[in-house]
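Subject: Handover of a structure for your review

Dear colleague,

Please find the structure below, together with its sequence.

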Amino acid sequence: MIVSPGPAIRRRGGSLQVLDDKDEALILALERDARASVVALAREIGLSRSATQERLGRLQRGGAIAGYTVVRGRTDGRARLNACLMIRHARGGTCARSVVPLKRIPEVKAIQSLAGDPDLLVQVSAADPADLDRIAEAVRALPGIGEVTTHVVLADHLRRP
């Protein structure tokens with residue numbers, strides 16, 4: 001059984017949801033394997049299948065579980081190349097104008113506005129260095145984009161949804 005340290009309070013959509021140790025254990029189990037069956041989850045957290053199913057529903061309705069996702073891998077067995085693009089806007093460029101075309105690039109996995117310099121942090125996933133170069137050039141060509149600095153991720157030490 002996984003036990004997390006004490007209850008947590010999560011705010012979602014203006015409402016508060018108190019999470020007990022079983023809720024936290026369930027969320028941790030789902031973070032490890034979002035495809036686990038309800039029976040396997042129930043066994044792991046020490047509850048019945050029906051009690052676990054009820055908790056899942058409550059956590060989803062309350063927003064503590066916002067969704068499930070697929071992390072795309074490669075079919076050739078090689079790891080994908082992940083990178084962060086640090087973006088400074090050109091004169092007159094804004095986050096509001098840059099975000100829309102960035103969202104259209106399928107390799108872009110996350111876009112975050114930053115306080116200070118640079119203006120945006122864009123996380124991308126590429127097949128290889130040449131593909132990363134192609135993606136960075138596509139970003140540089142967008143209107144309102146000034147400078148783009150690429151930082152290749154060497155290792156993921158922790159990744160949470």
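I begin with one side chain: that of Ser 98 makes a polar contact with the side chain of His 89, at 3.0 Å. Please bear in mind that this is a predicted model.

Ser 98 belongs to helix 4, which covers residues 95–103. The residue counts as buried because its relative accessible area is 1%, and the cut-off for that class is under 20%. Leaving out residues up to four places away in sequence, Ser 98 touches Leu 120, Gly 144 and Ile 145 as well as His 89.

Four strands form an open sheet in the order 4-5-3-6, and their pairing is antiparallel. Strand 4 (108–113) and strand 6 (145–152) are the edge strands, each pairing on one side only. From one strand to the next, the twist averages 20°. Helix 4 packs on this sheet and touches strand 3 (81–89), strand 4, strand 5 and strand 6. The direction of helix 4 makes about 175° with that of strand 4.

Strand 4 and strand 5 (residues 120–126) run antiparallel and are joined by five bridges. Across this pair, Ser 113 stands opposite Leu 120 in strand 5. Leu 120 is also one of the residues that Ser 98 touches. Helix 5, residues 129–140, lies across strand 3, strand 5 and strand 6, and runs at about 160° to strand 6.

Elsewhere in the chain, Val 38 is placed in helix 2 (residues 38–45). Beyond its neighbours within four places in sequence, Val 38 is in contact with Arg 49, Thr 52, Gln 53 and Leu 56. Its C-alpha atom is separated by 9.8 Å from that of Ala 51, which is 13 residues away along the chain.

For the chain as a whole, there are five helices and six strands, arranged from the N terminus as β-β-α-α-α-β-α-β-β-α-β. Of its 161 residues, 31% count as buried. Among contacts with a separation of 6 or more, 56% come from residues 24 or more positions apart. The chain exposes about 10,400 Å², of which carbon and sulfur atoms supply 53%.

Finally, a word on confidence. The mean pLDDT is 85, and 84% of the residues reach 70 or more. Over residues 1–7, however, the pLDDT is below 50, although this stretch has 16 contacts in the model beyond near neighbours in sequence.

Yours sincerely

Note on methods: Residues numbered from 1 in each chain as written. Predicted model: local features only at pLDDT ≥ 70, side-chain atom pairs only at ≥ 80, totals over all residues. Heavy atoms only, no water. Helix = DSSP H or I, 4+ residues; strand = E, 2+ residues; numbered from the N terminus. Buried < 20%, exposed > 50% of the residue type's maximum accessible area, 1.4 Å probe, protein only. Polar contact = N/O pair within 3.5 Å; in protein donor to acceptor, adjacent residues only side chain to side chain. Contact = heavy atoms within 4.5 Å. Areas by Shrake-Rupley, 256 points an atom, 1.4 Å probe, with all protein chains shown as cover. pLDDT = per-residue confidence, 0-100. Pairing = 2+ DSSP bridges. Axes fitted to C-alpha atoms, helices over the stretch in contact; angles between N-to-C directions.
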